[in-house]
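Open your viewer and get your selection tool ready. We will go from one stop to the next, with a note on what to look for at each.

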Amino acid sequence: MASNSSHCESCSDEGISTVAIRFCSDCEESLCKECVEYHKKCKATKSHHLIDLASIAKSKIPTVKKSCEVHEDVSLDFYCTQHDTLCCRVCIPSKHQLCKDVLPLEVASKHIKKSSLFEDTFSEWQNISKTLEHLRKDRNDIIKELKKSESAICEEEREQELEFLKEHGSNNQLYLTLREQEKGVQNVVKRVQEMTRSYKRVYLKLDKSAEIDLQSIGSISEVKEKEITEQLHIADSLRITDLAVTADDTLFLCNFKYGVRKIYVYKTDSQDLTHKSTLNLPSEPYGISILSGINKLVVTLPFESYVQFINTKSLTLDKTIPLGKNCYGITTTGDSIVVGRAEEINIFKQNGEIIKNISLNDQLPLYGVCSLLYNQNDDRIVYIKVGQINNIQLDGTVEYQNAVSSIDLAVDKQGHFYVIEQEINEIQRLLPDGRFSDVVLTEKDGIKDPSAIAFNESFTKFYVTNNNGLVQIYNCK
């Protein structure tokens, strides 16, 4: 960002010292009263954006990159929608001659201050600042290292640049800055996440602790102690897609491996997992959820297009409710059952009466909903499709969408979401608004190819499974 000048730069070039009153953001020069009048009359400069220096006395004026990277002496005056890139007039004949929509910069930037590009980029810088502030407050033992990293990341004060240009800059300037920042903001997000992961590993120690503080669920040390790692000795081929835990800590595991059609039932105690039963189903079970207070759970059978009720006490199959195709993810809340399909989410009562059908407007219409959660308090549904987590209102309006590699989803008492990052063997926590918070478990904690996660009903234990039959149980503190 450029510093404000109290002297007219045009006059200074001629050896004259005059007081500047305006700053031309297009020329990036401070101007005196006479030069301002000339600027307004000259055909080449009368459309330039002039800023009152008195109104920005405490601000630093950002410099905007206006020249082409290939042709450094030519300004960026066009935007190619087909290639999603800025270009100069010299680029057009060689690289964009056949492109249908090459827009003048004035046209492309016309509504930039109210655009999603501005809102998303500005929001990313705000999120980065908040994450760094969170790290700074909670990790005092590494504050010096954190400050160095924060300084390196935010040395160009990107968030302040955008805020300044929105208030004082021209559409063209803001547009050029956003296009430039767009290239680097995701890299910075990744760097901040890496910082968070590394600091989290230092902070989160797996110390033995017999006490469980239920009030601190959702705190930084939530998933703290690895109590059990029990290899299930199952002869079947496995593809564990979901699990559920009853109030008495009975564990149910869905095996979606084609042709197997089984749910495995285990009793959990403080020292071991004890096999209770294996349930044979009419078809392969994918998603599973507990109906609290009535000793029932419900399972989706996508290949049969219905949900199956199961009695958790007698361990017998109960009634079924028919649905459409591709019924995968399932959750329950109160008297309601919520099932996700490829293009809609169905909410219905336990007797099968439909409460609401929600059409999905995401960009993955061919994929089924892998996992979902429904919060009746704010009427929001959070669901995962392959590669994406979505938060929607009951009318289908999208609140946010973020990229994840998870196919399963869990939530704690405070509304933080937990997702699996399968490629790097991590369990990550997201804030209630879907932004990245921190990493709670890694490969160093025994996480290996995770496939499904869940809390027990009292939020005192956290379960992680993988397709090889490994079940890991962590005490929550």
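One term before the first stop: contact means heavy atoms within 4.5 Å. The model is predicted, so local features need pLDDT of at least 70 and side-chain atom pairs count only at pLDDT 80 or more, while totals for chains, interfaces and linings use all residues. Residues are numbered from 1 along each chain as its sequence is written, and side-chain values use heavy atoms, with hydrogens and water left out.

**Stop 1: Y463**

Select Y463, which sits in strand β29. Strands (E, at least two residues) and helices (H or I, at least four) are DSSP runs, numbered from the N terminus. Is Y463 buried or exposed? Y463 counts as buried, at 0% relative accessibility; buried means under 20% relative accessible area, exposed over 50%, and partly exposed in between (1.4 Å probe, protein chains only). Now show what surrounds Y463: leaving aside neighbours within four places in sequence, its contacts include L243, V245, D249, T268, A452 and V471. Pick V245 from that group and draw a C-alpha to C-alpha distance: Y463 and V245 are 8.8 Å apart in space, yet 218 residues apart in sequence.

**Stop 2: the whole chain**

Zoom out and colour by secondary structure. You will find eight helices and 30 strands. Of the 477 residues, 49% count as buried. Among contacts between residues at least 6 apart in sequence, 47% join residues at least 24 apart.

**Stop 3**

Next, select T331, T332, L373, V411 and F459, which lie nearest the centre of the second largest pocket among its 42 lining residues. A pocket here is an open set of points, on a 1 Å grid over the protein atoms alone, where a 1.4 Å probe fits, with protein on both sides within 12 Å along at least five of seven lines; lining residues have an atom within 4 Å of a point. This pocket holds about 1100 Å³ of space, a volume being the space filled by probe spheres set on the points, which are joined across faces, edges and corners. Others that give two or more include β8 (240–245), β16 (330–333) and β28 (450–455). By class, the lining has 21 nonpolar, 15 polar and six charged residues. Nonpolar covers Ala, Val, Leu, Ile, Met, Phe, Trp, Tyr, Cys and Pro; charged covers Asp, Glu, Lys and Arg; the others, Gly among them, are polar.

**Stop 4**

Most residues other than glycine have a negative phi. F459 is buried, at 18% relative accessibility. Then jump to D84, in the loop between β4 (78–80) and β5 (85–87). Phi of D84 is also positive, near 55°, and D84 is partly exposed at 42%.

**Stop 3**

C35 is buried, with a relative accessible area of 16%. For C99, the nearest cysteine sulfur is that of C80, 3.6 Å away, and C99 is buried at 12%.

Key. Disulfide = S-S within 2.5 Å.
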